[in-house]
Amino acid sequence: MFFRTQTMTISSSALTTESSSIMDPKASILCLPNEILSKIFENLPSKDRENVGILSDRLDDIEKRTGCRDFSTICFSTIDKPEIVARDVNANKFRKWPSEEGLANFFRRSTCRSLVIDVRIVFFLFILEIILILTLLLQGPLTVEHEQCIRSAFKSVDYKELLVDFKGDYSGRILIDLLRSRSDIEQLHIGGSRWMLEKEVEETRRVLMIIPTTRRLAVAASEGKILTDSILAHLVSVSHYTDLGGVKETDVTVEGLETAFEMVSAASHYKEVSCTVPASAVHQFLDRRQFSVVFRTNLQHIATGTKFNYRLDRDNQDYLYVSIQSDKSPVPL
């Protein structure tokens, strides 16, 4: 039997055998069913997948239909017509359409360093590509049909960083899908519309309450009152670095500020949170605790050593920008 006398290896250059004799066609890897060949492709490095795929039209077709890819860029656009243009780490270009059969399987269990949702971060995406951060970009308006296809296709994409700019209901729904499939994220950045309708505020609050554990969290570019006491407590609990300074107006009370302060002080590891808080709540908070003045408005809590800094918001004098840092050593990102 062939498999008793020869072993098959898949190299980055071709399919070869240890014997120099001609392979028996009946023992060829091409005799395997497509499902098995797809599993083989899933476990090959990107370059090897590419080289094996060029050996035959059948292998090329199976490779293109197989998930578990390493992407550098995935761009969804409806500027001209709805389509997805993807590039893997070997700079291979794939053009897909939202309604295309097998789209979900193509992206299934793929890896991606950063996911960027919305067209308004195209310039930032360009910067990310320069420093070789793997990126996924969704841009342009979505129909209901296209949204469902996109949500299905990217549900199993493994990412480390997620950057989202709210542009409508679809971005919130896609974000919820992406967050529900993850237990931890290295970095999450959420931007919102400068002016938010009441419906958008409620949608954003709903999303913020399901955010999983993340190393660094930033919520920026929003003038809607999306931050409440309960949301602030949740975000501080799941993130090491919580930057909420971009939310210009908040409903945070003195009780919410005290809860955040206590959570930072009691954390077993370094925590840092910054946010905008009504000036009246900050002054009430300062009256209830004893601080030593380090430099002007840079204070240190006498009992716990937690640092508390505040400064006037130039755009709105009714609010103060507050920063709370624990006395633990910062963890490098």
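**Notes on the predicted model**

1. Let's begin with the strands. β9 (residues 184-191) runs parallel to β10 (residues 213-220), and seven bridges join the two. Here strands are DSSP runs of E with at least two residues, helices are runs of H or I with at least four residues, and both are numbered from the N terminus. Two strands count as paired if DSSP finds at least two bridges between them. Within this pairing, isoleucine 185 sits opposite threonine 214 in β10.

2. A word on the ground rules. This is a predicted model, in which local features need pLDDT of at least 70 and side-chain atom pairs count only at pLDDT 80 or more, while totals for chains, interfaces and linings use all residues. Residues are numbered from 1 along each chain as its sequence is written, and side-chain values use heavy atoms, with hydrogens and water left out.

3. β10 has a further parallel partner in β11 (residues 239-244), with four bridges between them. In that pairing, alanine 218 faces aspartate 243 in β11.

4. How much of the protein is buried? Buried residues account for 50% of its 333 residues. Buried means under 20% relative accessible area, exposed means over 50%, and partly exposed lies in between (1.4 Å probe, protein chains only). The accessible surface comes to about 17,000 Å², and 53% of that belongs to carbon and sulfur atoms; areas are from the Shrake-Rupley method with a 1.4 Å probe, and for residues only the protein chains shown count as cover.

5. Among contacts (heavy atoms within 4.5 Å) between residues at least 6 apart in sequence, 64% join residues at least 24 apart.

6. Threonine 306 is worth a look in your viewer. This residue lies in the loop between β14 (298-301) and β15 (307-312). Threonine 306 counts as buried because its relative accessible area is 0%. Leaving aside residues up to four places away in sequence, its neighbours in contact include Phe261, Leu299, His301 and Ile324. Its side chain also makes a polar contact with the side chain of serine 265, at 2.7 Å. A polar contact is a pair of N or O atoms within 3.5 Å; within protein, one must be able to donate a hydrogen and the other to accept it, and residues adjacent in sequence count only if both atoms are side-chain atoms.

7. The structure holds 15 salt bridges, each a side-chain nitrogen of Lys or Arg within 4 Å of a carboxyl oxygen of Asp or Glu. One of them joins the side chains of arginine 108 and glutamate 42 (2.4 Å, N to O). That pair links distant parts of the chain, 66 residues apart: arginine 108 is in the loop between α5 (103-107) and β6 (111-117), and glutamate 42 is in helix α2 (residues 34-42). Arginine 108 is partly exposed at 24%, whereas glutamate 42 is buried at 12%.

8. Another salt bridge connects arginine 65 and aspartate 61 (3.2 Å, N to O). These two lie in helix α4 (residues 57-65), four residues apart, about one turn of the helix.

9. How many disulfides are there? The count is zero, taking a disulfide as a pair of cysteine sulfur atoms within 2.5 Å. Cysteine 68 is buried at 16% relative accessible area, and cysteine 275 is buried at 4%.
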